[in-house]
Protein chains: 2
Amino acid sequence: MQNVNLDTLFELSEFFRIFGDTTRIRIIQLLMEHDVSVNDIADTLGLEQSVVSHQLRILRTANLVKPRREGRKMFYALDDEHIGEIFNTGLTHILHKKKGK
Amino acid sequence: MQNVNLDTLFELSEFFRIFGDTTRIRIIQLLMEHDVSVNDIADTLGLEQSVVSHQLRILRTANLVKPRREGRKMFYALDDEHIGEIFNTGLTHILHKKKGK
DNA sequence: TGAAAATATGAATATGTGTTCATATATCAA
DNA sequence: TTGATATATGAACACATATTCATATTTTCA
């Protein structure tokens with residue numbers, strides 16, 4: 001078993017909490033395909049720009065996404081491959097459960 | 001890419017949200033080793049029985065754990081292997097990040 | 001420089017959620 | 001059945017958090 005103390009478990013729950021919001025998970029899924037600018041995220045998902053910016057800040061602070069400036073646009077990308085992997089692991093579980101019904 | 005509509009993404013975020021609480025993630029980790037009764041969970045983690053019961057209900061409703069009665073004790077176990085797998089995927093990410101620092 | 005475009009941020013609000021405390025329910029043992 | 005043990009549940013409370021609205025910041029271009 002890996003080394004897991006209370007602190008690590010707390011960080012782990014914090015990490016999972018980031019995925020525990022519909023808006024954020026939709027953004028993550030979108031970024032799994034390719035980088036997207038803030039307004040494009042908003043347009044694509046049908047969300048207000050402010051909502052997207054607020055949630056991007058949470059994702060950024062948690063190191064799940066990283067910004068890149070291009071002119072006056074900001075493109076966001078997933079920080080590493082783990083993010084998509086975790087998304088897919090969860091998704092597989094969900095779809096598996098659904099099938100069972 | 002797998003089939004993901006809005007509903008599925010909502011369920012996915014709901015699923016991850018369950019992992020997004022320290023108390024619940026601690027319970028999950030404990031159950032990864034073997035079945036444990038409610039009071040044993042409380043004693044082991046230093047939590048009140050009520051707290052554990054409340055969180056177990058959330059885990060049960062989300063089909064993350066399943067109860068088994070044995071006398072007047074209730075033993076809880078993880079519902080399937082996916083749960084531990086997701087826990088470990090997240091943990092690997094956390095430990096990986098920590099190393100990077 | 002000034003206006004427009006793109007994004008970020010702060011305050012306010014409403015809603016969700018975890019814990020606490022008290023109590024109910026269920027099972028066993030005598 | 002009665003008391004004790006084990007667990008579940010409900011209400012109340014405090015706190016976290018997502019969205020909205022207004023506005024600030026940054027960059028580009030004329």
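Predicted model: local features only at pLDDT ≥ 70, side-chain atom pairs only at ≥ 80, totals over all residues.
**Stop 1: the two protein chains**

**Stop 2: where the chains touch**

Now colour the contact between the chains. How many residues are in contact? On chain A there are 29, and they meet 29 residues of chain B. To find the chain A side in your viewer, select α1 (6-19), α2 (22-33) and α5 (81-100) of chain A, the elements that each give two or more residues to it. If you colour this side by residue type, you will see 12 nonpolar, 11 polar and 6 charged residues. Which surface does each copy use? Since 100% of the interface residues of chain A are also interface residues in chain B, the copies meet through the same surface.

**Stop 3: the sheet of chain B**

Look for an open sheet of 3 strands in the order β1-β3-β2, with antiparallel pairing. Which strands are at the edges? They are β1 (36-37) and β2 of chain B, each of which pairs on one side only. As a bit of background, strands of a sheet pair through backbone hydrogen bonds, either parallel or antiparallel.

Zoom in on β2(B) and β3(B), the latter covering residues 73-78, which are joined in the antiparallel sense over 6 bridges. Select B:P67 and you will find its bridge partner, B:Y76, in β3(B). Then try B:E70, which stands opposite B:K73 in β3(B). The hairpin of these two strands has 2 residues between them, and B:G71 there has a positive phi near 65 degrees.

**Stop 4: an asparagine in each chain**

Select B:N63, in the loop between α4 (49-61) and β2 (65-70) of chain B. Its phi is positive, about 60 degrees, although B:N63 is not a glycine. Why is that worth a stop? Most residues other than glycine have a negative phi. B:N63 counts as partly exposed because 15 other C-beta atoms lie within 10 Å.

Bring chain A back and select A:N63, in the loop between α4 (49-61) and β2 (65-70) of chain A. Here too phi is positive, near 60 degrees, in a residue other than glycine. A:N63 has 15 C-beta neighbours inside 10 Å, so this residue is partly exposed.

**Stop 5: the DNA**

Finally, show DNA strand C. Which residues are closest to the strand? Of the 24 residues that surround DNA strand C, the closest are A:S37, A:V38, A:N39, A:S53 and B:S50. Which element gives the most? That is α4(A), with 6 residues. Colour the surface near DNA strand C by type to end the tour: 6 of its residues are nonpolar, 11 are polar and 7 are charged.

Key:
Residues numbered from 1 in each chain as written. Chains lettered and ligands numbered in written order. Helix = DSSP H or I, 4+ residues; strand = E, 2+ residues; numbered from the N terminus. Buried ≥ 20, exposed ≤ 12 C-beta atoms within 10 Å, placed from the backbone. Near = placed C-beta within 6 Å. Nonpolar A, V, L, I, M, F, W, Y, C, P; charged D, E, K, R; others polar. Pairing = 2+ DSSP bridges. Contact = placed C-beta atoms within 7 Å.
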